[in-house]
2 protein chains.
Amino acid sequence: MKPPNHRTPDTPPGFGSATLAYPVTLKNVADRAGVSVSTASRALNGQARKYRISPATEKAVRKVAADLGFQASQVARSLRLKRSGLIGVIVPDISNPFFASIAREVSLGVEAFGFSVLLGDSREETEIEQRLVEQLRAKQVEALLVCPVGVDPDHLVKLDRSGLPVVVADRVFDGIELPSVTSDNRTAARAVAEVLIEQGHRKIGVLSGVRDSLPAKTRLQGLTDAAQHAGFHLDPSYLAGNAFTEQSGYDATLTLLDRHPEMTAIFAMCTPAAIGAMRALAERGMAIPSDMSIVAFDDHPFAELMKTPLTVSVQDIPRLGRLATAVLLKRLNVNPSTDSSTESSRQTLPPLSTPAEIEIQSSTSLWKVPTTLLRRSSVAVPRQ
Amino acid sequence: MKPPNHRTPDTPPGFGSATLAYPVTLKNVADRAGVSVSTASRALNGQARKYRISPATEKAVRKVAADLGFQASQVARSLRLKRSGLIGVIVPDISNPFFASIAREVSLGVEAFGFSVLLGDSREETEIEQRLVEQLRAKQVEALLVCPVGVDPDHLVKLDRSGLPVVVADRVFDGIELPSVTSDNRTAARAVAEVLIEQGHRKIGVLSGVRDSLPAKTRLQGLTDAAQHAGFHLDPSYLAGNAFTEQSGYDATLTLLDRHPEMTAIFAMCTPAAIGAMRALAERGMAIPSDMSIVAFDDHPFAELMKTPLTVSVQDIPRLGRLATAVLLKRLNVNPSTDSSTESSRQTLPPLSTPAEIEIQSSTSLWKVPTTLLRRSSVAVPRQ
DNA sequence: CCCGCTTGCACAATCGTTTGTGCTCTGTGC
DNA sequence: GCACAGAGCACAAACGATTGTGCAAGCGGG
């Protein structure tokens, strides 16, 4: 890269100096070591024994390589090996800590195997998501982890069928055809809903995320379960909103407040929506939890310090990320549990961490990680 | 990639079917169109005019390519062109929204030019940062945006000297040798400090980030400026902490509380530290702002809803990210301001956004973006 | 002394692009 | 009728790695 303004170190004048000039190729190493390119390659790749390179030669080559700061071009290697060492990660919004954490776990988990993460941010738009997929496909990623915007999974399924392994996280789909990992949203939703119901709430407004997404459907299901168990029925008119955003939560809250003044509690399907709801309530001069109780999903460092700490169901995001990573790695046929001192990563540095203690049980294609309930002060007995 | 279990479409039997088999090469397209590989390449790359490919041929090739779903292998192209189309982004913690936002802006800003972002998370450790740099170098990234852990910039400087453009953001260094972009921390710090001083605070504890980092030094400088202007002197013993983390803020607060019971205000150099401080104060049973005033940096959606919304100086993070991206692109000799309908990105999709309205003024290598002050309720007149 | 086996390495093909150069036509002007 | 220009395309050499195969020594046994 950047051909101009470097001296290429073909036959450097002062033997032994060899300050790093950027593109040091295998040929440079070979020449300097007085061997052929193939020998140099084998010496560096631990193939010495197999191809009977003498220990002396191997050592010499290694030394020259080190002196020259040789780094094998992954591009060339990729071409020859038909393996890019790249994994694409596409999320709706990387500045959302939830997705950032997932990206982080993937990045941390795969680098031990010499993979790097190509990041894509779809900005919650399906069209951009598709463009990103194409772009990453052209970059020859070996697998894709997608947290989809939430609609139209078809292009992902097609992609997977065409031979590019795709794993879906969080925003999984119904009638699933792709390996997916998500939280146990139904149980989680039921748990938070029951906090409300125990206190006597029956008129519960729901701030929904993308309606077609499985998380939204499943959380609604959990709420319905709880209602049913308590012997009442949830009117669909108490449902509003159609996105996992603050704006959606704000708008939906106002809508519900107008539509159902008798409402005593809010069930927010995500943190941004809860924030939006709190803004809306503040504008209407309503206090939490005295005028309105509220429950939500996911926690945050700030949460504890809030005026009214939210009662939430918290997902184990890192675990979700690690599970997704494990599934990804499994589909790539690299063994997450193998001791990583093997030559799998060749010249790349030794593993930074043991990738995942996750057991991929069974052959299901939908994995769920458990959640925990955090009861805090945002729920009270309904006023009247 | 993934050679097995696809039919290669060399000469597909049913003409016209051509469902996507994964590796469709240029040769396949050429064969099917009845031309040579070189002609196919030129037809697809808009070189038709220059190399006198007949419009008919060009059209035919394009059609075949479309039918086959041809995507040029970026790996092969990279090898030939000596351009990977990859940009490395290394941050200390991608799950921190601050860095996530920066990564996001870079990703958004460069994709219009056909670049993709390779993400690295250094986990606030210099050693890992260095490993990531090596890994990304091997992947042939064309440039690197680093938010360093904060110490030992030497390897970055060396890298840049060796021909790989490096841009530093946020955690810039003193005696700078690399293009850097950061906020105007001195002014920002002075502004928040003055909020404290105006109310009469003089015994101000400082929760510092990494001492050697320029942000920490500069923010301290801003505080010192304000103190000096108000005619008093800040005792170094009021300084504690040495990291941009919650833990550091917590520990430092306890330390200062013990060391200086007369302290009436806290100047936290980052949000995590402020959170740590609030935890510590809560444990000691101290209320904000009645028992202790506090100011900090950076805002957050949650901030408004906190028990005591913090008075903070907020950085324009997206702008910072965009500026960094612009500097990056400039160093890569792609023109951020050019209308992007040029053939710069070839077969890659049309630009998703106008990359940056940023004016890169002058040839300075340190750029600063302005900040704004948010006065909220975390500051009061000192008790006694 | 010669044959054959082992050792240690070099040759060359290959991955899928891009691009400089050269070949073959067709048509035109004289 | 012929040379020549230019249009339209094919050939082949890179890019930097990996890897199957072939070739030359060295050695021992007969």
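This is a predicted model: local features need pLDDT of at least 70, side-chain atom pairs count only at pLDDT 80 or more; totals for chains, interfaces and linings use all residues.

Student: What percentage of the residues in chain A is buried?
Tutor: A residue counts as buried when its relative accessible area is under 20%. Chain A has 384 residues, arranged with 12 helices and 12 strands. The buried share of these residues is 56%.

Student: Of the contacts in chain A with a separation of 6 or more, what percentage joins residues 24 or more positions apart?
Tutor: A contact here requires heavy atoms within 4.5 Å. Among contacts in chain A with a separation of 6 or more, the share from residues 24 or more positions apart is 71%.

Student: How much area do chain A and chain B bury between them?
Tutor: The contact takes 68 residues from chain A and 68 residues from chain B. Carbon and sulfur atoms carry 63% of the area buried between the two chains. That buried area is about 6900 Å².

Student: Which element supplies the largest share of the side of chain A that touches chain B?
Tutor: Between chain A and chain B there are 19 residue pairs in polar contact, with both residues at pLDDT 80 or more. On the side of chain A that touches chain B, at least two residues come from each of several elements, including α5 (97-111), β2 (116-121) and α11 (271-283). The largest share is 8 residues, and it comes from α6(A).

Student: How many nonpolar residues does the side of chain A that touches chain B have?
Tutor: Divided by class, that side has 15 charged and 20 polar residues. Its nonpolar residues number 33.

Student: Which residue of chain A forms a salt bridge with B:Asp93?
Tutor: The count of salt bridges between chain A and chain B is 6. In the one formed by B:Asp93, the closest N and O atoms are 3.0 Å apart. The partner in chain A is A:Arg104.

Student: Which residue of chain B is linked with A:Asp93 and A:Asp121 in a network of salt bridges?
Tutor: The network contains A:Asp93 and A:Asp121 from chain A.

Student: Is A:Arg171 buried or exposed?
Tutor: The side chains of A:Arg171 and A:Asp170 meet in a salt bridge, at 3.7 Å from N to O. A:Asp170 counts as buried because its relative accessibility is 6%. A:Arg171 has a relative accessibility of 2% and therefore counts as buried.

Student: How many residues apart are B:Arg83 and B:Glu142?
Tutor: The side chains of B:Arg83 and B:Glu142 meet in a salt bridge at 3.2 Å, N to O. B:Arg83 is in the loop between α4 (74-81) and β1 (86-91) of chain B, while B:Glu142 is in the loop between α6 (126-138) and β3 (143-146). The pair links distant parts of the chain, with a separation of 59 residues.

Student: Why does the pair of B:Glu198 and B:Arg375 tie together separate parts of the sequence, and how many residues apart are they?
Tutor: B:Glu198 and B:Arg375 form a salt bridge, with the closest N and O atoms 3.4 Å apart. Because B:Glu198 lies in helix α8 (residues 185-198) of chain B and B:Arg375 in the segment after β12 (371-374), the pair ties together parts whose separation in sequence is 177 residues.

Student: With which side chain does the side chain of B:Thr264 make a polar contact?
Tutor: B:Thr264 is in the loop between α10 (246-259) and β8 (265-268) of chain B. B:Thr264 counts as buried because its relative accessibility is 18%. At 2.7 Å, its side chain makes a polar contact with the side chain of B:His201.

How values were computed. Residues are numbered from 1 along each chain as its sequence is written. Chains are lettered from A and ligands numbered from 1 in the order in which they are written. Side-chain values use heavy atoms; hydrogens and water are left out. Helices (H or I, at least four residues) and strands (E, at least two) are DSSP runs, numbered from the N terminus. Buried means under 20% relative accessible area, exposed over 50%, partly exposed in between (1.4 Å probe, protein chains only). A polar contact is a pair of N or O atoms within 3.5 Å; within protein, one must be able to donate a hydrogen and the other to accept it, and residues adjacent in sequence count only if both atoms are side-chain atoms. Buried area is the accessible area (1.4 Å probe) that two parts lose on being put together, summed over both. A salt bridge is a side-chain nitrogen of Lys or Arg within 4 Å of a carboxyl oxygen of Asp or Glu. Ala, Val, Leu, Ile, Met, Phe, Trp, Tyr, Cys and Pro count as nonpolar, Asp, Glu, Lys and Arg as charged, and the others, Gly among them, as polar.
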